[in-house]
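Hi,

Here is the structure for you to look over. My notes follow below it.

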Amino acid sequence: MARQSASRAKSSASNAKKSTQGAKKAAPKFSKEQIQKFYYDMLLIRRFEEKAGQIYGMGLIGGFCHLYIGQEAVVVGMKSAITDDDAVITSYRDHGHMLACGMDPKGVMAELTGREGGYSKGKGGSMHMFSKEANFYGGHGIVGACVPLGTGLAFSQKYQGSKDITLCYMGDGTVNQGQVYESFNMAELWNLPVVYVIENNEYAMGTSVKRSSAQTELYKRGDSFNVPGEQVDGMDVFAVAAAGKKAVDYVRAGKGPYILEMKTYRYRGHSMSDPAKYRSKEEVNKKRAEHDPIDHLRQTMLDDKINTEDELKEIDREIKAIIADAVEFAQNSPEPQPEELYTDVLA
Amino acid sequence: MPTEILMPALSPTMTEGKLARWMVKEGDTVSSGDVLAEIETDKATMEVEAVDEGKIGKILIEGDTDNVAVNTPIAVLLEEGEDASDLDDFTPSAAPFASEGSDDTTEDTSDKEEPAPRVSTSKTPDAYDASGEIPEGTEMVKMTVREALRDAMAEEMRKDERVFVMGEEVAEYQGAYKVTQGLLDEFGGRRVIDTPITEHGFAGVGVGAAFHGLRPIVEFMTFNFAMQAIDQIVNSAAKTRYMSGGQMSSPIVFRGPNGAASRVAAQHSQCYASWYSHVPGLIVIAPHTAADAKGLLKAAIRDPNPVIFLENEILYGQSFDVPVMDDFVLPIGKAKIERPGDDVTIVSFAMGMRYALEAADKLAEENISAEVIDLRTIRPMDMETVLASVRKTNRCVTVEEGWPQSGIGAEITAQIMHHAFDYLDAPVLRVSGKDVPMPYAANLEKLALPHTDEVVAAAKSVCYRD
């Protein structure tokens, strides 16, 4: 079958924007349970990250810590489009991805605090966590590295004849790394089952997309390789879920890779030590006020009478308790034994 | 004056080949670009084209002749106005003449008969005993390193469906150096995969596939090109087991030719042994013989860790005895005492072993008995065997093609200082590649590489015999 051409990819992109808005109105096509889960999962990530930021300030977390606040709709919407057997891989802003994959907040938080109970026994930290059980393949600290790695996961899925696919996340900064295009080329050449999700939060550390990218419409970055791309409102979980399902269906049908550009925004600095002087307070506040994915969903749920205010408050309380438990666990879990220094180097 | 047509060198390391057949006959007129003959090397069949215009006066070497040395006159071309009578008092030049400064690289020292003088057979206590690796009485077959590597991959691919090989030209072209010859035919395109020229990308794809349960063999056309991929090798393959607290691993083999070939200059002649040897989480293997290449590559493919498997283009065509066994696998991390001795320990690996063994022969003529140790695995390094030998000989020389600073010799020297200082009767000396990028000119290249005479001189120096 003929592949969607690059020029078709362009036209599908403009359609995508429409379908994004359409998806908002079409919210009821998601079941009550699904919508509640969107809310629950996004709020869990938000509260987790807020707490991580807080205890970083208390000195409990060291090194780099990149928070996901503002971008929650992306991973939650995409997770709804895949199965638990599908693989997920991302770069270093990874806490949200892990929670969306169903990894235990306690294990993630304890890794942030560098404790024995962390997913990597305290040896990986914020940027390097993995869970075979959850099919989460990291957590990679080198910008761009996760893209060939994710392509390799998809290579293995195809080689093994499984129906599973890979979600390979990257940021808007990643798309200027050469290995991304090496990967797009091989994925299309070999028809690999991978969805590349570009989380465009507008800033690669302090450099805006405009200042770093000759082609700022990142969904077009697959054009040279005939990989179709689509732009999605990444602040709208319904739009993400709908676009995600479409892309995942396409990829799972054996048609090769697909690119989704998620237009999103991070509220915090690049890492905890970033004062974010490269953008104005007004810009951030405007995004928060007008486009917050969680506020928006909460309002929709109330408007559409999916839940009452009290029911939502109950969810809030439940999540607060989970996060409190996670922090307690992360504080009380012992540091790794000194003997752990020399383990896990070789099998 | 008739012009000689010489047997051409079709690759940097070719020293001889088969003159398969002539496409012209005596009396034919040829012009530049015409195909004259077909030449078979161990890698490929190539056509030889005429460079000059003229008439084929005489064919000196018939078709279907094996082992024609490079630069042997194979035919005589008559220029305009000349005829066969001009050949009456024409004597072809003696063949072959080597270009100045280049070494005869095909000489296989492993088969050399050892000279009569002092050769020790004494055992080195506490050293690894490699004699048990091949059961006594096992039938041996002569095989090139190239064939041994191919057989190792084929045997492991037959055994384990998860094993596949990917790289540039590994499939349809049958391998840039013909190491993967025949694998596509046997295993098909699903398991023998041609990649684009995209080292960084396909190294990462290999590591990702290894995370997900496959057993990739990633071929780099040469390790020089793997510098493009070194981030994936070091940051993704080597560190993930540690960073994941042991959950995720990358059982992958990165293999390909390493070090100097012949006359390919600075960007294609680097030895990466010490680079990868620096990295915890990697295993680094660099065999010399075909048997070690086979037994260790099979072990590498089965190993649950990322393995850097450093081959050598010049060694690919060398033949060695390989045991005929159903499943010949060697232990990783064990050195081999290739030649026992009492007076000085020479430690080397891969191509360095050639210089070391040649030096041992020369030293024996001067009544110095050298114990030659082939490290075989660079990381983890079998220092037990090296130290046991040094405690016996009290002297040590290291030999490698790589650069001296932070090299393998530097590491061995430091370890001996730490663990056998009191046993030393002389400072450890290093013989290495010179501290310069590899030059192209034949004479300079020869100077840049380690040389047997340098090993002899170093050994005599530590024996205070210079």
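First, a definition for the helix pair: axes are lines fitted to C-alpha atoms, for helices over the stretch in contact, and angles run from 0 to 180 degrees between N-to-C directions. Keep in mind that this is a predicted model.

Helix pair in chain B. Helix α10 (residues 383-393) of chain B and helix α11 (residues 408-420) of chain B cross at roughly 60 degrees. Their axes come within 11 Å. The crossing of α10(B) past α11(B) is right-handed. From α10(B), the residues in the contact are Met383(B), Val386(B), Leu387(B), Val390(B) and Arg391(B). They meet Ile412(B), Gln415(B), Ile416(B), His419(B) and Ala420(B) of α11(B). By class, this contact has seven nonpolar residues, two polar and one charged.

Contact of the two chains. Chain B puts in 34 residues and chain A 32 residues. On the chain B side, the elements giving two or more residues are α3 (199-211), α4 (230-238) and α5 (240-243). α3(B) gives the most, with ten residues. The side of chain B that touches chain A has 18 polar, 13 nonpolar and three charged residues.

Chain A overall. Its secondary structure is twelve helices and seven strands. The C-alpha trace spans about 55 × 55 × 40 Å along its principal axes. The radius of gyration of chain A is 20 Å, which agrees with the value near 20 Å for a compact globule of 347 residues. Buried residues are 53% of the 347. Of the chain A contacts between residues at least 6 apart in sequence, 76% join residues at least 24 apart.

Best wishes

Conventions. Residues are numbered from 1 along each chain as its sequence is written. Chains are lettered from A and ligands numbered from 1 in the order in which they are written. This is a predicted model: local features need pLDDT of at least 70, side-chain atom pairs count only at pLDDT 80 or more; totals for chains, interfaces and linings use all residues. Two residues are in contact if their C-beta atoms, placed from the backbone, lie within 7 Å. Helices (H or I, at least four residues) and strands (E, at least two) are DSSP runs, numbered from the N terminus. Ala, Val, Leu, Ile, Met, Phe, Trp, Tyr, Cys and Pro count as nonpolar, Asp, Glu, Lys and Arg as charged, and the others, Gly among them, as polar. A crossing is left-handed if the near helix is turned anticlockwise from the far one by less than a right angle, and right-handed if clockwise. The radius of gyration is taken over C-alpha atoms; the globule rule is 2.2 Å times the number of residues to the power 0.38. A residue is buried if 20 or more other C-beta atoms lie within 10 Å of its own, exposed if 12 or fewer, and partly exposed in between; C-beta atoms are placed from the backbone.
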